[in-house]
Amino acid sequence: MNWRQAQHMVLLAETLNFRKAAERLHMAQPPLSMSIKRLEDELGTPLFIRGGRGLRLTVVGEAILPHARQIVHHVMQLKATAASAAGGLAGQLRIGFVGSATYRVFPRALPHFRSLYPQVQLDLREGTTTGILLQVERGELDLGLVRYPVVASTAARLVPVEFDQLVAAVPEGSALARADQVQLPDLRDEGFVLYAAGAAANLCAQVVSACQAAGFTPRTVQEAVQVQTLLSLVASGMGVALVPSASQAHRMQGVSFRTLSQAGDRLDVAIAAATHPQTEPAAAARFRELLCALQDRGTPGKPLILPSAVAGPPTEA
């Protein structure tokens, strides 16, 4: 028995009329009669009694009808689930993210996404930019939220979705925390809590480059990977650090944040959505579109246009 034969049997049992069942199935009556006859031959017993009193189910037909209905129901569910997953409306979405994505990106995007696509199961995995990009390239993650710009070459497509700037995190009570204005050269004699070059190569390279452009090379006293760890070390008096300004949303006792004047664009940073250009799932494309829409929301006078949960396939950002 295949599911079409089960469907034919169910509709015929509901109508007890070959013509009406054929009309509901959008097929001719003879192929329907042949389908039922083949099913009866496969089962080795009649399922319908054809007589002067019209068409009715046999005892065997009555017994297997609930199972035939289950087959039809499960197949229709399977097809609907497959269509939803293919359109990004259901299934699983594996997202890798750097820690600083939890400051603003996730709080803004996740409530919207979960409301629009409640049947998409989110699998969130924290990591580093280098590791996340490798997993996106290998197909182990559907989308990554990584630090941008990226130093090393990557096969992933990168779309900036949040722009920010590095600020100085200095120990509370230090001379820098009390200064009216702080410029990058003012940090030349300070010990730096720096991003680990192996795990956070992008931010490490940017901080070193910005300091060198200001006329000095930062003196590293300690390395760390996550922004929160850097801030904890600054609060402990280990040194100073350059961190995304978004990290000020979670103020830490013992740390003061200072905007660096006259730094130009050397301290500009961003978070980018990384996806594989050939194998990006539809759900990942919808999440990326949502991030871009939320980014545009910051443009004065520009309305927030979210991707539709019922429209056609997602478009390129």
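In this predicted model, the buried residues of helix H8 are covered by several parts of the chain, including helix H6 (129-137), strand E5 (143-148) and strands E6, E8, E10 and E13. The residues of H8 that lie under this cover are Asn202, Leu203, Cys204, Gln206, Val207, Ala210 and Cys211. The length of H8 was compared with expectation: at 1.5 Å a residue, its 13 residues should span 18 Å, and the end C-alpha atoms are 18 Å apart, which agrees. After H8 comes Gly215, a residue whose phi is positive, near 100°.

The chain as a whole has 10 helices and 13 strands, and of its 317 residues 45% count as buried. Among the contacts with a separation of 6 or more, 73% are accounted for by residues 24 or more positions apart. The accessible surface of the chain comes to about 15,800 Å², and carbon and sulfur atoms hold 52% of that area.

The buried residues of H5 are Val105, Phe106, Ala109, Leu110 and Phe113. These residues cover an arc of only 100° around the axis, which puts them on the same side of H5. Such an arrangement can be read from helix geometry, because an α-helix has 3.6 residues a turn, so that residues three or four places apart point the same way. On the face of H5 turned away from the buried side are the exposed residues Pro111 and Ser115.

Charged side chains were considered next. Side chains of opposite charge can pair when their charged atoms come close, and a search of the whole structure finds 11 salt bridges. In one of these, Arg104 is joined to Glu162, with the closest N and O atoms 3.2 Å apart. Because Arg104 lies in the loop between strand E3 (91-97) and H5 while Glu162 lies in strand E6, the pair ties together parts that are 58 residues apart in sequence.

Another salt bridge links Glu280 with Arg157, the closest N and O atoms being 2.7 Å apart. Glu280 is found in the loop between strand E13 (268-275) and helix H10 (282-296), and Arg157 in strand E6, so this pair ties together parts that are 123 residues apart in sequence. Glu280 counts as buried at 18% relative accessibility, while Arg157 is partly exposed at 22%. Salt bridges that share partners also join Arg104, Glu162 and Asp164 into one network. A further pair is formed by Glu140 and Arg138, whose closest N and O atoms are 3.0 Å apart; here Glu140 is partly exposed, with a relative accessible area of 32%, and Arg138 is exposed, with a value of 54%.

Finally, Phe18 was examined in helix H2 (residues 18-24). With a relative accessible area of 14%, Phe18 is buried, because that value falls under the 20% limit. When residues up to four places away in sequence are not counted, Phe18 touches Leu12, Gln29, Leu32, Ser33, Ile36, Arg50 and Leu55. The C-alpha atoms of Phe18 and His8 are 9.8 Å apart in space, the two residues being 10 residues apart in sequence.

Note on methods. Residues numbered from 1 in each chain as written. Predicted model: local features only at pLDDT ≥ 70, side-chain atom pairs only at ≥ 80, totals over all residues. Heavy atoms only, no water. Buried < 20%, exposed > 50% of the residue type's maximum accessible area, 1.4 Å probe, protein only. Helix = DSSP H or I, 4+ residues; strand = E, 2+ residues; numbered from the N terminus. Arc of directions from axis to C-beta. Contact = heavy atoms within 4.5 Å. Areas by Shrake-Rupley, 256 points an atom, 1.4 Å probe, with all protein chains shown as cover. Salt bridge = Lys/Arg side-chain N within 4 Å of Asp/Glu carboxyl O. Expected span 1.5 Å × (residues − 1).
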